[in-house]
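Please have the sequence and the 3D view ready.

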Amino acid sequence: MGEVLGAELARLQERHPSIGEIRGKGLFWGVELVTDRETREPLVPFNGTGDAFAPMAKLMKAAMERGLYLMTHWNVIMVVPPLTITREELDEGIGILDEVLALVD
């Protein structure tokens, strides 16, 4: 499933300008969110809080409302599903992530 997840995240990167980089292996991935791919300016600043963190908070809330908990670290979403994830579950999670990323593109 790690290869499937990597391919699906690469597909999301092609669709969403807010994704600066994806990196990972197996079922442990990071999705870096940026305001500009050229400059790689983070979507939220290092250690950002309050208004500075608002875009990530909005993304996380929207995902949670759809049933997907996002583990984040500043401007990076950690995509770390259970090792027992099925293809259907993975597709559902990727679909939700695809939908909420549109909020920060």
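Are α2 and α3 oblique or roughly parallel to each other? The model is predicted, so local features need pLDDT of at least 70 and side-chain atom pairs pLDDT 80 or more, while totals for chains, interfaces and linings use all residues. Residues are numbered from 1 along each chain as its sequence is written, and side-chain values use heavy atoms, without hydrogens and water.

**The helix pair**

Two packed helices are described by the angle between their axes and the distance between the axes. The axes of α2 (residues 54–65) and α3 come within 9 Å and cross at roughly 140°. α2 and α3 are therefore oblique to each other (under 35 degrees is roughly parallel, over 145 roughly antiparallel, 65 to 115 roughly perpendicular, and the rest oblique). On the α2 side the contact (heavy atoms within 4.5 Å) is made by Leu59, Ala62 and Ala63, and on the α3 side by Ile96, Val100 and Leu101.

**Two buried residues**

Buried means under 20% relative accessible area, exposed over 50%, and partly exposed in between, with a 1.4 Å probe and protein chains only.

| Residue | Relative accessibility | State |
|---|---|---|
| Isoleucine 96 | 11% | buried |
| Asparagine 75 | 11% | buried |

Isoleucine 96 belongs to helix α3 (residues 87–101). Leaving aside neighbours within four places in sequence, isoleucine 96 touches Ala63, Arg66 and Leu68. Its C-alpha atom is 8.2 Å from that of glycine 67, 29 residues away along the chain.

Asparagine 75 sits in the loop between β4 (71–73) and β5 (76–79). Beyond neighbours within four places in sequence, asparagine 75 has contacts including Val31, Pro42 and Met56.

Note on methods. Helices (H or I, at least four residues) and strands (E, at least two) are DSSP runs, numbered from the N terminus. Axes are lines fitted to C-alpha atoms, for helices over the stretch in contact, and angles run from 0 to 180 degrees between N-to-C directions.
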